[in-house]
Amino acid sequence: MGANKFLLVKGIAGLGNRIMFLLSALLYARLSGRRTLVDWCDGQYAGYGCNAFPLLFESTSVDSLADLPEHGSVEPPLWQGRLQHSAREMWRTDVHSRTWSPEEGWRTYTFDLSRLDQPEDILVGWSFYQQVDPIRPLLTGPYAVWRRRSSMWILRQIMQQDLLPHSEVADRAQHIRQASFQPKMIGVHLRYTDRKSNPKAFHRRLSSLLETDAQSGVFLATDSLEVEREFRSRYPNVVTAAKWLPDANVPMHRQDDCPDPLEMARSAVLDMCLLGACQQLIVDTRSSFSCVASLMSAADERDIYDLNPARLVPPRLRHALWLAGVRASYKWKKWNGPQ
C-alpha cells in the first residue's frame with residue numbers, strides 16, 4: 001500500500017472497548033499495509049490533547065501520532081478537516097448522528113473494514129467493540145489459516161504480538177507477582193459498577209476451584225470496594241493491586257472525581273497483566289475488560305471460565321438472536337435514519 005497510507009484509530013468509551021477495536025484495526029493494517037496511528041487525545045485518561053496510548057502501551061506496529069499528515073484524502077469524508085476531533089466530539093456535534101442507533105452511529109464515522117482497495121490517504125475508525133468478522137473474508141495468503149479460527153483466537157495473536165503494556169506497568173506487575181503471588185493463582189475479574197456480572201456465579205466457580213486446590217492464591221480485579229471487601233472476608237490469599245476505587249456504583253472511566261485518570265488507566269492495564277499471569281481465570285466477557293484479560297492470558301482455554309450467560313445459549317439460537325438484531329437495526333435505520 002505504501003508508506004504514506006495511514007489508518008487513524010480513535011478512542012471512545014472504556015479502556016477495554018478501545019483495545020478491542022484497536023486490535024481489529026491492527027489486523028486490518030497488517031492486511032492493507034497501512035501505517036497505524038492511535039489517537040487517544042480525547043481527555044478520558046490524560047489531559048485533553050495528550051495522547052494516552054503511548055503512556056499505557058508499547059507497540060512496534062503503531063507509529064507516532066505526530067506522523068499524521070496535515071493534508072490528504074480521508075475516508076469517511078465526514079472527518080475531512082476534522083482529524084483533530086475526538087470520536088465523542090463528532091458524535092455530539094453532528095446533528096444527523098443523533099437520529100441513528102449507536103450501531104449505525106459508529107459505522108457512520110468508520111471506514112469500511114471489509115475492503116482493502118480503498119484509495120484514500122487516511123482511513124479513520126472507531127467502535128465500541130471488536131470488528132473481526134468484517135475483516136475475516138480478507139484473510140488470505142499466509143493468514144488464510146486464521147479464517148476459520150474464532151475472533152478471540154485471532155485477536156489473541158494480535159494482542160500478544162503487537163501490543164505490550166508500557167514497560168513501567170510491566171515492571172509493576174512483575175514486582176507484585178514476585179512479592180505476592182502463590183505458585184498457582186486463580187484470576188478473577190468481576191465488574192460490578194454497572195451490575196452486569198452476577199457475584200454469586202463467581203463465588204460458586206471460585207469455591208469449586210479452591211475445593212480442588214485449596215493452596216491456590218486468588219488475584220482479584222474489580223471496580224467495586226464492596227466486592228473487594230467481600231472477597232477478602234470469604235477467601236484466604238486474596239491479592240489485589242492497589243488502586244483508586246469509587247464509592248458509588250458508577251463505571252470508573254465515567255467518574256468525575258477521579259484524582260488521576262492516567263494512573264487509573266495504568267492501574268487497569270496492571271490488572272489486565274496480572275490476570276493474564278494467572279493459571280486459571282474467571283471472567284464475564286460481557287465486559288470488554290474481561291475480554292482483554294482473556295486475550296492477555298497464557299492459560300489454557302479450558303482454564304478460562306467465562307460466566308457470560310450468552311455462552312450457555314446453543315449456537316443455532318445465538319445465530320437466530322443475532323439475525324433478529326440485524327433485522328431490528330435495519331428497521332430502525334429505515335424509519336429513523338437521515339431522510
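Biologist: In this predicted model, is Asn 237 buried, partly exposed or exposed?

Modeller: Asn 237 sits in the loop between helix H9 (225–234) and S10. Buried means under 20% relative accessible area and exposed means over 50%. The relative accessibility of Asn 237 is 37%, so the residue counts as partly exposed.

Biologist: What is the phi of Asn 237?

Modeller: Most residues other than glycine have a negative phi. Asn 237 is not a glycine, yet its phi is positive, at about 60°.

Biologist: Which loop holds Ala 13, and is Ala 13 buried or exposed?

Modeller: Ala 13 also has a positive phi without being a glycine, here about 65°. Its loop runs between strand S1 (6–10) and helix H1 (15–32). With a relative accessibility of 12%, Ala 13 counts as buried.

Biologist: Where is there a cis peptide bond, and what is its omega?

Modeller: Most peptide bonds are trans. Pro 76 lies in the loop between S5 and helix H3 (87–93). The cis bond joins Glu 75 and Pro 76, and omega is about -5°.

Biologist: Which residue in S6 stands opposite Val 74?

Modeller: S5 and strand S6 (residues 122–125) run parallel and are joined by two bridges. At Val 74, the residue opposite in S6 is Ile 122.

Biologist: Which strands are the edges of the open sheet that contains S5?

Modeller: This sheet has five strands with parallel pairing, in the order S4-S2-S1-S6-S5. An edge strand pairs on one side only, and this holds for S4 and strand S5 (74–75).

Biologist: How many residues of strand S8 are buried?

Modeller: On one side of S8, Met 185, Gly 187 and His 189 are buried, and on the other Ile 186, Val 188 and Leu 190 are buried. Both faces of the strand are therefore covered, which leaves S8 (residues 185–190) largely enclosed by the rest of the structure. The number of buried residues is six of six.

Biologist: Is Asp 162 buried or exposed?

Modeller: Asp 162 belongs to helix H6 (residues 151–162). Leaving out residues up to four places away in sequence, Asp 162 touches Leu 26, Arg 30, Glu 58, Ser 59 and Ser 61. Its relative accessible area is 8%, so Asp 162 is buried.

Biologist: Which side chain makes a polar contact with the side chain of Asp 162?

Modeller: Among the residues that Asp 162 touches is Ser 61. The polar contact runs between the two side chains at 3.4 Å, and the partner is Ser 61.

Biologist: Is Thr 60 buried or exposed?

Modeller: Thr 60 is placed in the loop between strand S3 (57–58) and strand S4 (62–63). Its C-alpha atom is separated by 9.3 Å from that of Leu 164, a residue 104 residues away along the chain. At 80% relative accessibility, Thr 60 counts as exposed.

Biologist: Which element gives the largest share of the lining of the second largest pocket?

Modeller: The second largest pocket holds about 270 Å³ of space. It has 13 lining residues, and the closest to its centre are Pro 165, Cys 273, Gly 276, Ala 277 and Met 296. Two or more lining residues come from each of H6, strand S7 (164–165), helix H7 (167–180) and helix H10 (261–276). The largest share, four residues, comes from H7.

Biologist: What percentage of the residues in the protein chain is buried?

Modeller: The protein chain has 12 helices and 12 strands. Of its contacts between residues at least 6 apart in sequence, 67% join residues at least 24 apart. Among the 339 residues, the buried share is 52%.

Note on methods. Residues numbered from 1 in each chain as written. Predicted model: local features only at pLDDT ≥ 70, side-chain atom pairs only at ≥ 80, totals over all residues. Heavy atoms only, no water. Buried < 20%, exposed > 50% of the residue type's maximum accessible area, 1.4 Å probe, protein only. Polar contact = N/O pair within 3.5 Å; in protein donor to acceptor, adjacent residues only side chain to side chain. Contact = heavy atoms within 4.5 Å. 1 Å grid on protein atoms, 1.4 Å probe; cavity = no way out; pocket = protein on both sides within 12 Å on 5 of 7 lines; lining within 4 Å. Points joined across faces, edges and corners; volume = space filled by probe spheres on them. Pairing = 2+ DSSP bridges.
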